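Here is a short briefing to read alongside the model. Please keep the structure open as you go through the points.

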Amino acid sequence: PLNQALAILRKDLQNTVPPRGTLSGQFRYGVSGSSVTGTGTSGVNLGVSNPGTTTSALGQSGGLDFFASTAVISDDGPWPDIQEINYQLAEPIDRDKALGKDLVRSVNRNLLAYSTQTPDPQRLVGNIEKLEFYFYDGAQWRDVWDTSGGDSSLPQAVRVRIYPAVEQRLATQRLEPVELIVQIQT
C-alpha cells in the first residue's frame with residue numbers, strides 16, 4: 001500500500017497545474033489561519049491531525065491542497081482531466097487496530113459546480129505517524145507554500161517525508177522516514 005500511495009502522490013505532483021487558468025486553483029501548504037478560495041466545496045470531517053494549517057477549498061483543514069491534471073476522462077462523466085486534490089493525515093477508521101493515522105487523498109472533480117460538493121476521500125495507506133512536505137524554490141527547501149499569497153508560481157520540486165508509526169513496545173526504535181522527491185514541471 002505504501003508503494004502504491006507514493007506512486008499516486010508522485011503522479012499527482014508531476015501533473016500539478018499552475019495557478020493560472022480557468023480550471024486551476026492555488027497550490028497551498030502550511031498557511032495558518034487562512035482559507036483557500038476556489039471551488040467552494042465543503043469536505044467531510046476526516047479527523048484531521050494538522051490543526052492551524054491551511055483550510056482547503058475541499059473544506060478540510062491541513063494537508064497539501066493543489067490542482068492536477070490526473071483525472072481520467074470517461075464517457076460516463078462530464079468532468080475534465082483537472083481535479084482538486086488534498087493530501088492529509090486523518091484518524092483511522094478502526095482506531096483500536098491502527099498504530100497511527102491514515103494518509104488520505106481527497107478529490108473534487110466538479111470544479112464548475114454551483115452548489116457545495118462533497119469530495120471523494122480515498123484512504124491510501126495506514127499506520128503513518130507523521131507526514132511532511134517541503135518545497136524547493138530554486139535556492140532552499142521551505143515548509144510553507146502559498147500561491148495565493150507571496151508565491152506567484154509553483155515550487156521547482158516537492159519533498160515528501162512519511163514517518164511510519166511504531167508500536168509502543170518498540171518506541172525506542174525509530175524507523176527512518178520514506179522520502180519522495182518530485183520535480184514539478186512549470
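Ala-68 is found in strand S2, where strands (E, at least two residues) and helices (H or I, at least four residues) are DSSP runs numbered from the N terminus. At 0% relative accessibility, Ala-68 counts as buried; buried means under 20% relative accessible area, exposed over 50% and partly exposed in between, with a 1.4 Å probe and protein chains only. This is a predicted model, in which local features need pLDDT of at least 70 and side-chain atom pairs count only at pLDDT 80 or more, while totals for chains, interfaces and linings use all residues. Residues are numbered from 1 along each chain as its sequence is written, and side-chain values use heavy atoms, leaving out hydrogens and water.

**Around Ala-68**

- Leaving aside neighbours within four places in sequence, Ala-68 is in contact (heavy atoms within 4.5 Å) with Asp-12, Asn-15, Thr-16, Val-17, Asp-81, Ile-82, Gln-83 and Ile-85.
- Pro-18 lies 50 residues from Ala-68 in sequence, yet their C-alpha atoms are 8.6 Å apart in space.
- Which residue of S3 is the bridge partner of Ala-68? That partner is Gln-83.

**Strand S2 and its pairing**

- Five of the five residues of S2 (residues 64–68) are buried, so this strand is largely enclosed by the rest of the structure.
- Leu-64, Phe-66 and Ala-68 point one way from S2, and Asp-65 and Phe-67 point the other way.
- S2 pairs with strand S3 (residues 83–90) in the antiparallel sense over five bridges; two strands pair if DSSP finds at least two bridges between them.
- Within this pairing, Phe-66 stands opposite Ile-85.

- Seven bridges join S3 to strand S4 (residues 101–108), and the two run antiparallel.
- Ile-85 stands opposite Val-107 in S4.

**Helix H1**

- The 13 residues of H1 (residues 2–14) should span 18 Å at 1.5 Å a residue, and the end C-alpha atoms are 18 Å apart, which agrees; the expected span is 1.5 Å times one less than the number of residues.
- Which residues of H1 are buried? They are Ala-5, Leu-6, Leu-9, Asp-12 and Leu-13.
- These residues cover an arc of only 130° around the axis, which puts them on the same side of H1; the arc is that of the directions from the helix axis to the C-beta atoms.
- An α-helix has 3.6 residues a turn, so residues three or four places apart point the same way.
- On the other side of H1, Asn-3 and Gln-4 are exposed.
- The buried residues of H1 pack against S2, S3, S4, S5 (120–136), S8 (157–164) and S9 (178–183).

**The protein as a whole**

- The protein has one helix and nine strands, following the pattern α-β-β-β-β-β-β-β-β-β along the sequence.
- Of its 186 residues, 45% count as buried.
- Among contacts between residues at least 6 apart in sequence, 57% join residues at least 24 apart.
- The protein exposes about 9,700 Å², with carbon and sulfur atoms supplying 46% of it; accessible areas come from the Shrake-Rupley method with a 1.4 Å probe, and for residues only the protein chains shown count as cover.
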